[in-house]
Amino acid sequence: AETALSGLDRLLRLAAARGASTLYLSSGARPSIRVDGEVRALDGTAVLEPNEVESLLMTLMPERSAEALRTADASEW
């Protein structure tokens, strides 16, 4: 979780340094940002694998919600 947090912190800092209002994370794509209404890939970042996106997002969730997501049956989604 610490690595994911530092990864998320890095992405948020990059986005903020470029004046972004929004950071978008999607598996199979590079992180993107919205600046002045325009969405573009965040320079200096790599394509995110599904497990990387999951790790980044899990750092934001309360532990009980993260645990519920980890143990949920995939068919429920």
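Reply: A nonpolar core is a set of buried Ala, Val, Leu, Ile, Met, Phe, Trp, Tyr and Cys residues joined through side-chain atoms within 4.5 Å. The model discussed here is predicted. Its largest nonpolar core has ten residues in all: Leu8, Leu11, Leu14, Ala15, Ile33, Val35, Leu42, Leu48, Val53 and Leu56. At least two residues of this core come from each of helix H1 (2-17), strand S2 (32-35) and helix H2 (50-58). H1 gives the most, with four residues. In soluble globular proteins, nonpolar side chains tend to be buried together.

Not counting residues up to four places away in sequence, Leu42 touches Leu11, Leu14, Ala15, Arg18, Leu23, Arg30, Pro31, Ser32 and Ile33.

Strand S2, which supplies core residues, also belongs to an open sheet of three strands in the order S1-S2-S3, with antiparallel pairing. Strand S1 (22-24) and strand S3 (38-41) are the edges; each has a single partner strand, so one side of each is left without a neighbour in the sheet. From one strand to the next, the twist averages 25 degrees. The antiparallel pairing of S2 and S3 extends over four bridges, and Arg34 stands opposite Val39 in S3.

Leaving aside neighbours within four places in sequence, Ala66 is in contact with Met58 and Met61.

Conventions. Residues are numbered from 1 along each chain as its sequence is written. This is a predicted model: local features need pLDDT of at least 70, side-chain atom pairs count only at pLDDT 80 or more; totals for chains, interfaces and linings use all residues. Side-chain values use heavy atoms; hydrogens and water are left out. Buried means under 20% relative accessible area, exposed over 50%, partly exposed in between (1.4 Å probe, protein chains only). Contact means heavy atoms within 4.5 Å. Two strands pair if DSSP finds at least two bridges between them. Axes are lines fitted to C-alpha atoms, for helices over the stretch in contact, and angles run from 0 to 180 degrees between N-to-C directions.
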